[in-house]
Amino acid sequence: GQTESGYNGKLSDTTGMVPETELRQIAFKDNKLTFEFDFAQSGSSTLIRMELLLDQGTLKGLWFDPDGNSGTIELTLQK
């Protein structure tokens, strides 16, 4: 959703593997959404940065972690 200070959002996983996570540094410009979040896994947490393009309600793009790993991802917007 949009707030006075910009955008806010939460990320969750349909399989329930990922706990609902607050998104930070959200920016949306020219149909491109960028944000970051802490991905908690087995007791530690990793900062993940996402760069996604909005296409008819679906977000498609890449994720990056601090170790230089990346991969493709597809998310569906929940209204």
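**An all-strand predicted model**

From the N terminus on, the elements of the protein run β-β-β-β-β-β-β-β-β. That gives nine strands and zero helices. The model is predicted. Among contacts with a separation of 6 or more, 5% join residues 24 or more positions apart.

Next, the interior. Of the 79 residues in the protein, 24% are buried. The largest nonpolar core has eleven residues: Leu11, Leu23, Ile26, Leu33, Phe35, Phe37, Ile48, Met50, Leu52, Leu59 and Leu75. Two strands, S6 (32-41) and S7 (44-55), each supply at least two residues of this core.

Leu23 is one of the core residues. One holds Gly9, Lys10 and Leu11. The other holds Phe35, Glu36 and Phe37. Of these contacts, Leu11, Phe35 and Phe37 also belong to the core.

Now the largest pocket. Its volume is about 1,000 Å³. The lining counts 31 residues, and the closest to the pocket centre are Lys10, Leu11, Leu75, Thr76 and Leu77. Leu11 and Leu75 are also members of the largest nonpolar core. Several strands each supply at least two lining residues: S3 (10-11), S5 (24-29), S6, S7, S8 (58-64) and S9 (70-76). By type, the lining divides into 18 nonpolar, eight polar and five charged residues.

The accessible surface of the protein comes to about 6,000 Å². Carbon and sulfur atoms account for 47% of that surface.

Conventions:
Residues numbered from 1 in each chain as written. Predicted model: local features only at pLDDT ≥ 70, side-chain atom pairs only at ≥ 80, totals over all residues. Heavy atoms only, no water. Helix = DSSP H or I, 4+ residues; strand = E, 2+ residues; numbered from the N terminus. Buried < 20%, exposed > 50% of the residue type's maximum accessible area, 1.4 Å probe, protein only. Contact = heavy atoms within 4.5 Å. Areas by Shrake-Rupley, 256 points an atom, 1.4 Å probe, with all protein chains shown as cover. Core = buried A, V, L, I, M, F, W, Y, C linked by side-chain atoms within 4.5 Å. 1 Å grid on protein atoms, 1.4 Å probe; cavity = no way out; pocket = protein on both sides within 12 Å on 5 of 7 lines; lining within 4 Å. Points joined across faces, edges and corners; volume = space filled by probe spheres on them. Nonpolar A, V, L, I, M, F, W, Y, C, P; charged D, E, K, R; others polar. Lists of a residue's contacts leave out its neighbours within four places in sequence.
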